[in-house]
Amino acid sequence: SLHDYGWNLHMARRLADAERYFREAVVIYKANGIRSAKVIETLSTLQLCIGQQHRSPEAEAVANEALTMGHEIFPEGHGELANVLHRLAEDKQRQQDLVGGVVPPSSRDARALARRQTSGDRVGLRRPWQDSERCRAPR
């Protein structure tokens, strides 16, 4: 799939190429009226990819799209939505938008959403080190 190919490019640190495939997958999903967990996952990975290119406003826009669709499809929550919220909170923290150590609402929402998930449909939260630069395999 385009998503899987984009992920392979992402793991090879070819972020611009990966972004193109994630975006193409989203366009195809939308053109065909698909609204599913796979679309949320693709938007989530697109958010990650754009964020790693230090384009926070674009990453936030993609995250908001994922959250809007996700809350419509999964009113009780979904693990991938928690991932999106965690990344939003981390990005805000990097941008130093936090004042006085206050936990942003997106971080609180992510934790609450993760706690509500049932094991049956949970995608699972990524650990902080899974999305970080220092965890990449040596070349």
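This is a predicted model: local features need pLDDT of at least 70, side-chain atom pairs count only at pLDDT 80 or more; totals for chains, interfaces and linings use all residues.
Of the 139 residues in this protein, 40% count as buried.

Let me start with the overall layout. The protein has six helices and zero strands. Read from the N terminus, the order of elements is α-α-α-α-α-α. As for contacts, take those with a separation of 6 or more: residues 24 or more positions apart account for 64% of them.

Helix 2 covers residues 15–31, and helix 3 covers residues 37–52. Their axes come within 9 Å and cross at roughly 150°. An angle over 145 degrees counts as roughly antiparallel, and helix 2 and helix 3 are therefore roughly antiparallel to each other. Their crossing is left-handed. On the helix 2 side, the contact is made by L15, A18, E19, F22, R23, A25, V26 and Y29. On the helix 3 side, the residues are K38, V39, T42, L43, T45, L46, C49, I50 and Q52. Sorted by class, this contact of helix 2 with helix 3 has eleven nonpolar, three polar and three charged residues.

The second pair is helix 3 and helix 4, with helix 4 running over residues 56–73. Here the axes come within 8 Å, and the crossing angle is roughly 165°. That makes helix 3 roughly antiparallel to helix 4. Helix 3 passes helix 4 in a left-handed crossing. Helix 3 brings V39, I40, L43, L46, Q47, I50 and G51 to this contact. Helix 4 meets them with E58, A59, V62, A63, E65, A66, M69, G70 and I73. By class, the contact of helix 3 with helix 4 has eleven nonpolar, three polar and two charged residues.

Now two residues of helix 2. L15 lies in that helix. Is L15 buried or exposed? Its relative accessibility is 11%, so L15 counts as buried. Setting aside neighbours within four places in sequence, L15 is in contact with H10, C49, Q52 and Q53. Take C49 from that list: L15 and C49 are 34 residues apart along the chain, and their C-alpha atoms are separated by 6.1 Å.

E19 is also placed in helix 2. With a relative accessible area of 9%, E19 is buried. Which residues does E19 contact, leaving aside its neighbours within four places in sequence? They are L46, C49, I50, Q53 and R55.

That brings me to the salt bridges. Side chains of opposite charge can pair when their charged atoms come close. How many salt bridges does a search of the whole structure find? The search finds ten. I will describe three of them.

One joins R14 and D17, where the closest N and O atoms are 2.9 Å apart. R14 has a relative accessible area of 42%, so it is partly exposed. D17, at 22% relative accessibility, also counts as partly exposed.

Another joins E72 and R35, with the closest N and O atoms 2.2 Å apart. This pair links distant parts of the chain. E72 is in helix 4, while R35 is in the loop between helix 2 and helix 3, and the two are 37 residues apart. Because its relative accessibility is 52%, E72 counts as exposed. R35 is at 44% relative accessibility and counts as partly exposed.

E41 is partly exposed, with a relative accessible area of 27%. K38 counts as partly exposed too, at 29% relative accessibility.

There is also a network. Salt bridges that share partners join E19, R23, R55 and E58 into one group.

To recap the helix pairs: helix 2 and helix 3 are roughly antiparallel, and helix 3 is roughly antiparallel to helix 4. That is where I will stop.

Conventions:
Residues are numbered from 1 along each chain as its sequence is written. Side-chain values use heavy atoms; hydrogens and water are left out. Axes are lines fitted to C-alpha atoms, for helices over the stretch in contact, and angles run from 0 to 180 degrees between N-to-C directions. Helices (H or I, at least four residues) and strands (E, at least two) are DSSP runs, numbered from the N terminus. Angles under 35 degrees count as roughly parallel, over 145 as roughly antiparallel, 65 to 115 as roughly perpendicular and the rest as oblique. A crossing is left-handed if the near helix is turned anticlockwise from the far one by less than a right angle, and right-handed if clockwise. Contact means heavy atoms within 4.5 Å. Ala, Val, Leu, Ile, Met, Phe, Trp, Tyr, Cys and Pro count as nonpolar, Asp, Glu, Lys and Arg as charged, and the others, Gly among them, as polar. A salt bridge is a side-chain nitrogen of Lys or Arg within 4 Å of a carboxyl oxygen of Asp or Glu. Buried means under 20% relative accessible area, exposed over 50%, partly exposed in between (1.4 Å probe, protein chains only).
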